[in-house]
Amino acid sequence: MTRKTADCRRYPSASNCTLTISGEEDEVVRAAAEHAVSVHEHTDGPELREQIRATLEDEKAAV
């Protein structure tokens, strides 16, 4: 299974967040949603989680 990443640096924010989350897709979606709510004051729900899922990228393998 390919690991996925969610990277806050890809999206401008008032806090200039630099957090990157990686792991299995469902883990990353859950953790990124929790982060979005607690740090960026988003409202959790199916729409937020689908937006996060749509922006995930495959983790780049370490060389």
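Thr 5 has a relative accessibility of 13%, under the 20% cut-off, so it counts as buried. The model in which this residue sits is a predicted one.

**Strand E1 and its partners**

Thr 5 belongs to strand E1, which covers residues 4–7. Strands of a sheet pair through backbone hydrogen bonds, either parallel or antiparallel. Here 3 strands make up an open sheet, ordered E2-E1-E3, with antiparallel pairing. E2 and E3 are the edge strands, each pairing on one side only.

E1 is joined by 4 bridges to E2 (residues 20–23), and the two strands run antiparallel. Within this pairing, Ser 22 of E2 is the bridge partner of Thr 5, and Ile 21 of E2 stands opposite Ala 6. E1 is also joined to E3 (residues 57–58), by 2 bridges and again in antiparallel fashion. In that pairing Asp 58 of E3 is the residue opposite Lys 4.

In a regular strand the side chains alternate between the two faces of the sheet. In E1, Thr 5 and Asp 7 point one way, while Lys 4 and Ala 6 point the other way. All of these residues are buried.

Which residues does Thr 5 contact, leaving aside its neighbours within four places in sequence? Thr 20, Ile 21 and Ser 22 are among them, as are Leu 56, Glu 57, Asp 58 and Glu 59. Val 28 is also in contact with Thr 5.

The crossing of the two helices is right-handed. From H1, the contact is made by Glu 25, Asp 26, Val 29, Arg 30, Ala 32, Ala 33, Ala 36 and Val 37. From H2, it is made by Leu 48, Arg 49, Ile 52 and Arg 53. What kinds of residue make up the contact of H1 with H2? There are 7 nonpolar and 5 charged residues, and no polar ones.

**Loop residues**

The loop between E1 and E2 contains Ala 14 and Asn 16. The loop between H1 and H2 contains Glu 41. The table gives the relative accessibility of these residues.

| Residue | Relative accessibility | Class |
|---|---|---|
| Ala 14 | 87% | exposed |
| Asn 16 | 61% | exposed |
| Glu 41 | 71% | exposed |

Exposed means over 50% relative accessible area, so Ala 14 at 87% falls in that class.

Asn 16 has a phi near 50 degrees, a positive value in a residue other than glycine. Glu 41 is not a glycine either, and its phi is positive at about 60 degrees.

Where does the chain bring Ala 14 relative to His 40? The two residues are 26 residues apart along the chain, and their C-alpha atoms are separated by 8.7 Å.

Conventions. Residues are numbered from 1 along each chain as its sequence is written. This is a predicted model: local features need pLDDT of at least 70, side-chain atom pairs count only at pLDDT 80 or more; totals for chains, interfaces and linings use all residues. Side-chain values use heavy atoms; hydrogens and water are left out. A crossing is left-handed if the near helix is turned anticlockwise from the far one by less than a right angle, and right-handed if clockwise. Contact means heavy atoms within 4.5 Å. Ala, Val, Leu, Ile, Met, Phe, Trp, Tyr, Cys and Pro count as nonpolar, Asp, Glu, Lys and Arg as charged, and the others, Gly among them, as polar. Buried means under 20% relative accessible area, exposed over 50%, partly exposed in between (1.4 Å probe, protein chains only). Two strands pair if DSSP finds at least two bridges between them.
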